Amino acid sequence: MVALSRASRVDWYLRGSMYVLYAAVPLAIGGWLGSALGPVALISVGLGTAQAITAAFLLNAALDHRLGRRPRPTRLMIVVVVLGVLTVAAGWPAYDAAEPGFAFMVVVTLTSFLAAIAPMVSTLTVTWLALAGWLVGAAPQILHEGNKFFPQLGLLFVVGAGIFTSRTTAWMLDLVWQLDDAQNVRAELAVAEERLRFARDLHDVAGRALSVVALKAELAAKLSSRGRPEAAGEMLEVRRIAQDSLAELRAVVSGLRTAQLDEELAGARSLLTAAGITCRVIGAAGGLQPRTQSALGWAVREATTNVLRHSEAHECTIELNRTADGTVSLIMTNDGAGGGRVRHGNGLTGLTERITAVGGTVSADRQPPDRFRVEVRLPVEVAHP
């Protein structure tokens with residue numbers, strides 16, 4: 001089963017909270033009918049149930065439309081309106097239109113429809129529809145002798161509360177997905193920045209050297225065609241430039257293949273933060289020999305990759321410790337572990353092989369309730385790999 005992202009989980013929670021409200025619509029209609037719940041009234045309750053279910057689907061479609069995932073669900077809107085009208089028409093014979101139950105049924109049916117379309121229509125439109133529907137249900141009560149206007153305002157509050165809840169849910173979904181997109185963009189920008197740095201270094205080294213080699217080779221070819229002895233010297237110069245360029249190119253590539261601990265800690269913090277994960281680093285890399293720093297840097301790189309790819313972490317802690325027995329440990333924990341046993345994929349397997357080769361150890365385990373811990377232990381003076 002594919003794990004949902006944090007944005008997807010919030011999305012489902014917000015939508016689910018609205019669906020629960022729709023489940024109360026048939027109960028509310030049936031409750032107001034009370035003793036009048038005869039065969040005709042049961043038809044009204046059944047139609048109200050169908051209208052509530054269809055309105056829940058309409059709400060889901062309206063939220064998707066607001067997020068730009070589907071076109072406006074016009075046909076579904078018409079179905080919900082027709083079912084709402086049939087619900088009110090079927091319930092009419094169950095009681096006098098001047099009774100409070102009629103107004104309540106109209107308002108509940110209206111609210112289920114307006115809450116469903118609220119995410120994709122303007123505030124002015126939904127307000128006018130709410131007032132018009134409320135007047136349809138409340139007018140018989142207001143005009144009836146002994147019933148007054150102000151008691152019916154409570155029903156208008158029900159409509160307003162449903163619309164407000166729906167629009168607030170839509171606004172929160174907009175915000176959640178915008179933040180999720182922003183975090184993805186930040187992570188992509190961090191990767192793109194590193195690619196640009198490497199491309200720039202590669203261009204500076206290889207581009208300049210190849211231009212000189214091309215000019216020198218052309219000159220050597222011309223001198224050789226004329227039988228000039230200087231051609232051999234030019235070719236020797238081409239060889240020297242090529243060798244120097246190869247050494248510079250190896251240095252550039254080595255910058256990617258050598259994992260310096262300070263740089264990897266800073267990079268891990270940047271990437272995790274860009275992904276919306278709070279990262280805290282405890283301890284410093286100062287005083288460690290280069291081979292130890294390189295080995296620990298690889299550990300940070302692999303563990304960070306695991307957090308980004310295989311967890312739903314909200315926070316991550318990286319801790320460096322030196323013990324009295326002459327070892328240094330790197331402990332990296334996060335709170336994004338799921339269920340099941342720990343499986344050593346290619347990343348952890350490769351890291352274990354690399355650390356073992358220099359005399360160290362790697363352990364990875366899950367800690368209740370949801371934490372995952374990777375620990376790397378090395379002697380302060382590591383062996384040559």
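**Entry 1. Ground rules**

I am working from a predicted model, where local features need pLDDT of at least 70, side-chain atom pairs count only at pLDDT 80 or more, and totals for chains, interfaces and linings use all residues. Residues are numbered from 1 along each chain as its sequence is written, and side-chain values use heavy atoms, with hydrogens and water left out.

**Entry 2. The sheet**

I looked up the strands first. Helices (H or I, at least four residues) and strands (E, at least two) are DSSP runs, numbered from the N terminus. Two strands pair if DSSP finds at least two bridges between them.

In what order do the five strands of the open sheet stand? I read β1-β2-β3-β5-β4, with mixed pairing. β1 (278-282) and β4 (361-367) stand at the edges with a single partner strand each, so one side of each has no neighbour in the sheet. From one strand to the next, the twist averages 10°. For angles, axes are lines fitted to C-alpha atoms, for helices over the stretch in contact, and the values run from 0 to 180 degrees between N-to-C directions.

I then went through pairs of strands. Strand β2 (residues 315-322) pairs with β3 in the antiparallel sense over seven bridges. Ile 318 has Met 332 in β3 as its bridge partner. A hairpin is formed by β2 and β3, with four residues between them. Gly 326, in the turn, has a positive phi of about 85°.

β3 also pairs with strand β5 (residues 371-379), in the antiparallel sense and over eight bridges. Here Thr 327 has Pro 379 in β5 as its bridge partner. β4 and β5 are antiparallel too, over seven bridges. Thr 361 stands opposite Arg 377 in β5.

**Entry 3. Strand β3 and its cover**

How many residues of strand β3 (residues 327-334) are buried? I count eight of its eight residues as buried. Buried means under 20% relative accessible area, exposed over 50%, and partly exposed in between (1.4 Å probe, protein chains only). Thr 327, Ser 329, Ile 331 and Thr 333 point one way from β3. Val 328, Leu 330, Met 332 and Asn 334 point the other way, and both sets are buried.

I also checked helix α9, which lies across β2, β3 and β5. It runs at about 10° to β3.

**Entry 4. Salt bridges**

Side chains of opposite charge can pair when their charged atoms come close. I used the rule that a salt bridge is a side-chain nitrogen of Lys or Arg within 4 Å of a carboxyl oxygen of Asp or Glu. By this rule the count is eight.

Arg 15 forms a salt bridge with Asp 11, with the closest N and O atoms 2.4 Å apart. Why are Arg 15 and Asp 11 separated by about one helical turn? They are separated by about one helical turn because they are four residues apart in helix α1.

Arg 15 and Asp 64 are both buried. I noted a network of salt bridges that links Asp 11, Arg 15, Asp 64 and Arg 69.

Next I looked up Arg 301, which forms a salt bridge with Glu 264, the closest N and O atoms being 2.6 Å apart. Arg 301 is in helix α9 (residues 290-310) and Glu 264 in helix α8 (residues 261-274), so I have a link between distant parts of the chain, 37 residues apart. Arg 301 is partly exposed, with a relative accessible area of 23%, while Glu 264 counts as buried at 14% relative accessibility.

**Entry 5. Rings**

I looked for charges over rings, meaning NZ of Lys or CZ of Arg within 6 Å of the ring centre and within 35 degrees of the ring normal. The charged end of Arg 301 sits over the ring of Trp 298, 4.5 Å from its centre. The charged end of Arg 69 sits over the ring of Trp 177, 4.6 Å from its centre.

**Entry 6. Tyr 19**

Tyr 19 is found in helix α1 (residues 6-33). Is Tyr 19 buried, exposed or partly exposed? Tyr 19 is partly exposed, as its relative accessible area is 26%. Leaving aside neighbours within four places in sequence, Tyr 19 is in contact (heavy atoms within 4.5 Å) with Ala 56, Leu 59 and Asn 60. Tyr 19 and Ala 52 are 33 residues apart in sequence and 9.2 Å apart in space, C-alpha to C-alpha.
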